[in-house]
Amino acid sequence: MNAVLTLARREMAATFDSPIAYIAGSVFLVVTGLLFFFGYDGSADFFAAREATLRPLFEYAPWTLAVILPAVTMRLVAEEKKSGTLELLVTLPVSDLQIVLGKLLGAFGFLAVTLAVTAIFPIMIATVGHPDLGAVIGGYVGLLLIGTAFLALGLLTSTWTHNQIIAFIVGLLLCVFFWTATDALLKLAFDRPPLALELLSFRTQFEAFAKGVVDIRNVVYFLSVTAVAVVASTYSLQSRHWK
Amino acid sequence: MGSKMNDTKKTVSKKGSSRTDAWVMLLAVVGVAVLLNALLTQTSLRIDLTDQQVHTLSGASKKAANDLDGVVITAYISKKLPETIPLPNGDKMPLKGIERAFRDKLEEYVAASGGKVKLVYADNGSPGVGTVEEQAEAAKLETFSSKEYQVAGEELKFAHYAMGATFHYKTVHEVFGKALQPGYYEFEITKILLRLQEKYAAAQIQKEPLSQGKAVFDAVKACNDLIQKKGKVDEGAKDDGGGLSLKTGADPSQKRVDAMLAAKDDIAKVCGDVKLKIAAATSLKGKSQFGDQLLDAAGQFDQVIGELGDVLSGKAEQFKDKPKQLAAVMGQAMGMLADLTKEVDRSHTNLSDSPGRKVVGFLCGNGEFCPFAESEPFVQEQMAMMVAQNNPMMKQIVQAATQIAQGIDETNGRIGDNLFTKRGYSIRRVDADSPIPSEISSLIIYAPRTALSEYTRYQLDQFLLSGRPVVMLAQEWDVALMNMAPGDELGNDMRMDYTALSATGSNLQDVLKNYGVELKRDLTLDTKHVQTVRVMKLVQKGGLQFQSQQDFPYALIPVATHFDQSHPLSKSLDNLALPYATSVEPSAQLAQDKRFEVAKIIQSSESSLSHAAPLPVLPPAVQEVALQAKPNGPLTLALYVRGPFKSAFAGKEPPARPDKKTAEDPMHPKEKPSENAQELAKRSFKGEGVGKLLVVASNLGIEGLDRGQVLKGFDLSKMAQFSAEIIKDYQLWNANFQNWQIRIGQVSHLLGGNLQFLTNILDWSTSHEALVEIRSKGDTRRPMQQVDDGQAKRLRLVTLLGGPLLLIGAGLLRWRLRRARNLALKV
């Protein structure tokens, strides 16, 4: 566990030492903020709706996270592979699983800091109304879970290649697929997708959190996706021994 | 060399085995994850973090599920629901996730009942029972359309969907017809469970009338089925043993006559039962409106059967040797019988649904909000014709006034249907100056604008003392803001700027004084906590004139901020706008009387103040007045009192019922009150009784639309002679009608929340206090303060730039610290 934490600290420091964290974080905050206030087509007006709610944030933040987080995770392994530091890392007395967990935890630190900065939204709303704090907490729990799943998927794609751009693009596609699994892609194949496939969608699983309900089914789902991606990343890292 | 090759083989084999192990391990992890997720779909372990636990069953709902042993819920859910369905206003309602939400909610009730409630799902699978949608329609659910075409055989038709459930408990059942609003699932289901409980208990007492009603309905249905079958003329239909087929090319009229004549004995035997069942239904007569309606419709059915019997037995001489006429009469009789059977069916459904149903009465006749169409025509036809004979122009004015009256009736009827009846409330009109029917469970006196007569006050007094809840909403002021008014003497167009404040003719202040409640007849203003008023005004741009809408913060629409957290009516409220409110307080004597429970359930903010008339009405002017006055809030805007009230008529003679015969209705004089009525009133007089009284010091923005108020001064006797005054009156009636719409439009943005409060009042008044709390869960909206453009811009800027600046600032700080540390290391 100590090894995982040490690796996580190192990863987090590396992330915040590079300007990409600040660029990605700021882009996330500005884009999410614009979507929050004006909607995706600019037709919405948060203040005209006169509702003290954070629902627009929870509606749009997963979209921006799906785009921003693969940009953060793309370098996690791909960069180490390209620069050759991965070989150095694996000589340390840590297992591949610990390396993956450490990197994921480090990236989670970035996610947590970025989401913490979005606290400015509920603070702003509290000055003009009384938002339901329970619903706000529920939404943030959901964002942390969905964000972690995005990070794990991004990390997985980062283990597949030396090229960060490829890692980013594949990671982005994977995250967007899982977020909109039923709404966009499955519609092409089904008139109305079966319930099992609907449940595959992050969006379906996230709905309850946005309402302020933490349901064990949704929590387990996001943790399952994260766990599968972590295990797959571990074996992907191990695959260097198979060549 | 051989050993090296062996090593290489071992390494390759080890690599292959590791790869296989990895894949197996990965598949195992995926398998476990899928299994775990699949198993968890059967559980509902969750934490509801919302303030009022809006997504969790309340204690009252769990208790309702637990109190009934043996409830069977049959859920009808279409296999393939559309993505959206169209709404009447042109918007689309998304249905995504609705099926899961409905199933989850029903299953929550099953879990909460500990096995007492069973849930089954209607299925397409079983042969002979039809599709889920057909089963739902048979179970009297409301199916709905997506307006998407579906190919059925050779024709295109709208696809229909079902989403609802039936609830059976022993001998009674209830229907949740259309479950499309997840926010209200708990409210609707708990309401149904409570209703089943009450209905079953009441049905036990009313077994005899219910079974007699059913016998009458069954007899009517059997007779109608037989007649429709025998007289059916359908070119494409096969003869199924009694029906008709036209394949032979025979004259259909003759065929119908022949078939009916051949079956006349059967018809006489089966249909004769209707008369017998009606005669046997002695315990149904005069006991309830639904029983009477059923007997009335069945009686008419029996009369048509009698006439048809005469025709069939040849007693009707006029049709002898006239088969075509005979067939036409038979066809007409069949149509009437089918219609009457529907009427009997509806009355029977109402009757079997009536046990235990609480009826809310709305007092009408004093300019109140009265959500019913008038039962009597506005002008008697004969009278109108007499006027028309004398003066054709007056005929036109009478017709126009009649149209306004019809518009009023239609609007009121629609309001009643949409706001109350369709939401499952039983409401009934209680005419002023008439006795209050015994079936009324609670009485609403909604913003009267003229004085209640002594007789009405007496009825109200006795109703209150009987222990049934009385709710009074006050409208002490008439606020005309940019209203329509007749033009000048030269007959110019209407003005749109009539602005005035005047007192209504209500005497609620006097009425309430008798019960220790002081209605102040002041105006409640607020400087900070206010809502906006929406004003339409004419704008001139170039040569064009058009209407523009503008919102102004309005001191005359205070927003209440203090709510009694222990009262079911107010505990879930966050804020409530009360237009043109006065204030209400308990008298010093009442406040000190320990026998009474007195609760100031809604109060205005500290920045509010009480102001006497006169007062300017335009928003900036009234704001000016409010800012100059000293706040004396909070003021009470809704007061609840429960306790042993004394009658206001103790020691007095019960007032006589006024004679309502009016000049414009000489053809239909009202029934005179019985001479014994006075004596009976004396005998049944109650001097004291524990009553429940709720007083709200505003009409919640919902003003009554009343014939008497709109068509003020309409007098048919005046119409007989032409005068210029009548033209002026006519303009005024038009203006009055449009002003009602203008006033509602000015506060329309507040009505959502206020109607929610009104339905809470109805729930509370029908003793379902638990439902008040549950209903409010459906409205999770948290209102926000009015934010002006400048403030909105500032908040947007701070929120949009604050986060990134904070992040970049932290980055720069970190960079500087690192640089300082590196420099220190170099040194």
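1. Let's start at the interface: 44 residues of chain B are in contact with 49 residues of chain A. Three elements of chain B each put two or more residues into the side that touches chain A, namely α1 (2–40), β1 (46–48) and α23 (789–826). Of these, α23(B) gives the most, with 14 residues. Sorted by class, that side of chain B has 21 nonpolar, 12 polar and 11 charged residues. Keep in mind as you read on that this is a predicted model.

2. There is also strand pairing across the two chains. Strand β1 of chain A, residues 213–215, pairs with β1(B). In which sense do the two run, parallel or antiparallel? They are antiparallel, and the pairing extends over three bridges.

3. On to chain A by itself. Its secondary structure comes to 13 helices and one strand. Of the 243 residues in chain A, 51% count as buried. Among contacts in chain A with a separation of 6 or more, 80% are between residues 24 or more positions apart.

4. How confident is the predictor about chain A? The mean pLDDT of chain A is 88, with 91% of the residues reaching 70 or more. Confidence is lowest in helix α10 of chain A (residues 181–189), where the mean is 63. At the other end, helix α8 of chain A (residues 133–160) has the highest, at 95.

5. Of its 28 residues, 23 are buried, so α8(A) is largely enclosed by the rest of the structure. Its length checks out too: at 1.5 Å a residue, α8(A) should span 40 Å, and the end C-alpha atoms are 41 Å apart, which agrees.

6. The same sort of check can be run in chain B on helix α20 (residues 724–746). With 23 residues at 1.5 Å each, α20(B) should span 33 Å; the end C-alpha atoms are 33 Å apart, which agrees.

7. Which residues of α20(B) are buried? They are Ile726(B), Asp729(B), Trp733(B), Ala735(B), Asn736(B), Phe737(B), Asn739(B), Trp740(B), Arg743(B) and Gln746(B). When you look at the spacing in that list, remember that an α-helix has 3.6 residues a turn, so residues three or four places apart point the same way.

Terms used
Residues numbered from 1 in each chain as written. Chains lettered and ligands numbered in written order. Predicted model: local features only at pLDDT ≥ 70, side-chain atom pairs only at ≥ 80, totals over all residues. pLDDT = per-residue confidence, 0-100. Helix = DSSP H or I, 4+ residues; strand = E, 2+ residues; numbered from the N terminus. Buried ≥ 20, exposed ≤ 12 C-beta atoms within 10 Å, placed from the backbone. Contact = placed C-beta atoms within 7 Å. Expected span 1.5 Å × (residues − 1). Nonpolar A, V, L, I, M, F, W, Y, C, P; charged D, E, K, R; others polar. Pairing = 2+ DSSP bridges.
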